[in-house]
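Keep the structure open beside you as you read.

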Protein chains: 2
Amino acid sequence: MFNKRIKIKELLSFEPNNQQVTVMGWVRTFRNNQFIALNDGSTNTNLQIFVELGKYDDEFLKKITTSTALKVIGVVIPSLGKGQKLEIKAGSIEILGESDAEKYPLQPKKHSLEFLREIAHLRFRTNTFGAVFRVRHSLAFAVHKFFNDKGFVYMHTPIITASDAEGAGEMFRVSTLPLDNPPKNEDGSINFKEDFFGRSTNLTVSGQLEGELAATAFGDIYTFGPTFRAENSNTARHLAEFWMIEPEMAFYDLEDNANLAEEFIKYIVKFAMDNNREDLEFLAQRLVDEEKQLTQDKRSEMGLIEKLEFVLNNNFERLTYTEAIDILKESNHNKKKKFQYPVTGWGMDLQSEHERYLVEKHFKKPVILTNYPREIKAFYMRQNEDGKTVAAMDILAPGIGEIAGGSQREERLEKLEQRMREMNVPVAQLWWYLDTRRFGTVPHAGFGLGFERMVQFVTGMSNIRDVIAFPRTPKSAEF
Amino acid sequence: MFNKRIKIKELLSFEPNNQQVTVMGWVRTFRNNQFIALNDGSTNTNLQIFVELGKYDDEFLKKITTSTALKVIGVVIPSLGKGQKLEIKAGSIEILGESDAEKYPLQPKKHSLEFLREIAHLRFRTNTFGAVFRVRHSLAFAVHKFFNDKGFVYMHTPIITASDAEGAGEMFRVSTLPLDNPPKNEDGSINFKEDFFGRSTNLTVSGQLEGELAATAFGDIYTFGPTFRAENSNTARHLAEFWMIEPEMAFYDLEDNANLAEEFIKYIVKFAMDNNREDLEFLAQRLVDEEKQLTQDKRSEMGLIEKLEFVLNNNFERLTYTEAIDILKESNHNKKKKFQYPVTGWGMDLQSEHERYLVEKHFKKPVILTNYPREIKAFYMRQNEDGKTVAAMDILAPGIGEIAGGSQREERLEKLEQRMREMNVPVAQLWWYLDTRRFGTVPHAGFGLGFERMVQFVTGMSNIRDVIAFPRTPKSAEF
């Protein structure tokens, strides 16, 4: 057994009393051959190790540089330094692994986020990414806890799928056929019967349709898994591979759906606030520092913590798409032609700038927009009585824009089939989906929340590539 | 708001007292035009709805058949029937969705598991799969709770990857290049620079290497995500797409690793025992019924519940590969040449039959085998002082065989690079992996647990296709 250590996060809550402890971690800094700042990843707060002068020879001390791995046995004593209650007076120091200070890319100074993306395998060792990924962890755990406590069943829907059921965009092909000489049919087309699954397959864009199958048996289910878009979007908001949470609930209408989504978002934000206060405060300060280079009008109106508390303490604004169009049309922003995409009127698809105007300028809080024109929404959304709109909802968050989208589903077989034919969705191929409408169909609803956008919202990171460990984007699949 | 219902699982704990309640669910059976057995997926126990004779006309009652969806408002009364404490006396019954009894594939009788696989979109509505997937949910939640409570960070490692680092088997290609006319280089080879990621990419076989990157920053991390094998194995133990849990711990040696794995497995089994007792008892009885068709010697020696309790209450047997070979060689089973693959001696790879002999016949409990010959294990496993073995471990479970595999990792840069060259692993391509050994390397270890095998172990389901919602296997990617 080697792992007889105490984690620094736990140790920092001790009352110093000469207790003997063993700690292990990596050196962040070593000052005056006397003070080692040790970090083990459990918290951003370094543990100070006090090294008595003369106890170790210079040859040994020279090896203690940034990123050197140490095992230290010592006693916990009160710290004379400010900002820390305790420190360790080292009894023995063992070097587990050296680090060549000349070659180590992460020096104890500020590095740009762009540079850190290039060394994503090491960026977890910085305070920023330590905080981001501990918060990401807490949010993920909160997702599971929220749904488990409510009796939802976690479903793993397939990653490899034969259907582009949602029509949500371009997909990645999954195949074992040789690209340089694929088997062909007599007419020259590719013979997918020879492929691994005996048919053409892709990476999933959504687990919703399969989720509906399970919801119409278990009542309430959710998914939390990776989804994919082969879109050539090189932006700060898009990933080719990202994680999505998709709850699906039988016996829910659109209002039930919106209620659950709001409760859910508040729950996971609160969970991070309760469990990651120190990390969030660090990230709040980071955001302030980063925005110093911006002009006043470009800076966030609220601090990060303040923003999260505001979300927790206020109801999300709910309005219809139709009402939103009216607000946008009448806005000074529109009249002064400040939108890049002009507000052409009812029926238009909202752009990110419109959504952010509503959220950040007009309402100044999260917004749930409902009842969109059916022409701009998917085939499975429930058609409203007006013949023009569907029971859709988008949830818009300050600084992010769309963070979740959902709908009540069309549970009426005839209306669903008709809409599928109108939109050229292959009815026969989706026989299994339609079976849920044939055999005891029920009102049901669900939504999808992009997990990385949620992590961005809570951490204040402006680029989505900085909230997932190893981002997959066009022309980049490093690590 | 539509979702003003109480779930049946909760309702069944009530004391009947004429409370008015609303329930929604699907009809399982309707007896004598009087007794509806309603199920909402929260539990296998149906709720009895008592329908007063003469209250509804025959036309209406005729529509109430298996799988009809109902909304029932009524009062909770004591039940006169046996096996149930309470029932609902229906005040109003609303049919939410009809079901054509002639066409509905799931009749209230026993269907074969093979048949149910063909209608996997409906099999959640059976008692067996209701129980299996509720247990699967609990196990998944227990995974997250176990690691969260211990301060591990949940990492989402990439699904799409450019490296076959582990060399774990055949992989699925991920591409957006057109199969019928891919771009080519001058020498006729495929020009992957034109592919989405600018290089050749595959679906991951393991998140371990990326997990190690995070562990050497956070200390303790885990992954829980889908992994893939493009192996043409049409067996009851193999899936092309399955979920894996991979914890990775800095400052752990092999013994620490085995301790954690044993604690972890016991924790999630106990969680299911505590939270899914009713479902497990149902599955235990199902197993007894299924095994009735087998001869006595083929039946499980223990019942399902008994087996799980046994696992909780006994230490896993730990021994070295070398000791295991001796036991196998000396066994009567071997001497009577009952193994399909003879025990040739030290250095051989153990087959499933050998593992199961050790677990089921010799020790009769879970076994952790350690220190395998280095020739049959991966490049990243730590080389032992004997020059012949590596610090590997496999965990073997009764009825399943290998359920988890892991190792202490080789943290010494020179030894690791040497082993990579010997095994033709591309050293230059894995520069980022080797960086963890260059900059503050530490002893560390981890393991991978196949989630579906774990679900099989706990539910007693003998075919792995029956514990994942929509199995992906050769020539099959339905739903």
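How much area is buried between chain B and chain A, and what share of it do carbon and sulfur atoms give? About 9,700 Å² is buried between the two chains, and carbon and sulfur atoms account for 64% of that area. The size of an interface is often given as the accessible area lost when the parts come together. Keep in mind that this is a predicted model.

## Where the chains meet

Chain B brings 123 residues to the contact, and chain A brings 123 residues as well. Six salt bridges are counted between chain B and chain A. One of them links A:Arg199 with B:Glu478, whose closest N and O atoms lie 3.1 Å apart.

Which helix gives the largest share of the side of chain B that touches chain A? That is helix α4 of chain B, residues 127-149, which supplies eleven residues. Sorted by class, this side of chain B holds 60 nonpolar, 31 polar and 32 charged residues.

Strands take part in the meeting too. Strand β8 of chain A (residues 173-175) is joined by three bridges to strand β8 of chain B (residues 173-175), and the two run antiparallel. Within this pairing, A:Arg173 has B:Ser175 as its bridge partner.

## The sheet in chain A

Now turn to chain A, where eight strands form an open sheet in the order β6-β10-β11-β16-β15-β14-β13-β12, with mixed pairing. Its edge strands are β6 (153-155) and β12 (317-320), each of which pairs on one side only. From one strand to the next, the twist averages 20°.

At one end of the order, β12(A) pairs with strand β13 of chain A (residues 367-373) in the parallel sense, over four bridges. There, A:Arg318 has A:Ile368 as its bridge partner.

Helix α4 of chain A (residues 127-149) lies across β6, β10 (220-228) and β11 (241-250) of chain A. From the other chain, α4(B) packs on the sheet and touches β6 and β10 of chain A.

## The sheet in chain B

Chain B has an open sheet of eight strands with the order β6-β10-β11-β16-β15-β14-β13-β12, again with mixed pairing. Why is one side of β6 (153-154) and of β12 (317-320) in chain B left without a neighbour in the sheet? Both stand at the edges, and each has a single partner strand, so one side of each has no neighbour there.

Two bridges join β6(B) to strand β10 of chain B (residues 220-228), and these strands run parallel. B:Val153 has B:Ile221 as its bridge partner in β10(B). Helix α4(B) also lies across β6, β10 and β11 (241-250) of chain B.

| Helix | Strand | Angle |
|---|---|---|
| α4(A) | β10(A) | about 150° |
| α4(B) | β6(A) | about 85° |
| α4(B) | β10(B) | about 150° |

## A salt bridge within a helix

Over all chains, the count comes to 74 salt bridges. Among them is the one between the side chains of A:Lys266 and A:Glu262, at 2.8 Å from N to O. These two residues are four residues apart in helix α6 of chain A (residues 254-275), so about one helical turn separates them.

Definitions and conventions. Residues numbered from 1 in each chain as written. Chains lettered and ligands numbered in written order. Predicted model: local features only at pLDDT ≥ 70, side-chain atom pairs only at ≥ 80, totals over all residues. Heavy atoms only, no water. Contact = heavy atoms within 4.5 Å. Buried area = accessible area lost by both parts, 1.4 Å probe. Salt bridge = Lys/Arg side-chain N within 4 Å of Asp/Glu carboxyl O. Nonpolar A, V, L, I, M, F, W, Y, C, P; charged D, E, K, R; others polar. Pairing = 2+ DSSP bridges. Axes fitted to C-alpha atoms, helices over the stretch in contact; angles between N-to-C directions.
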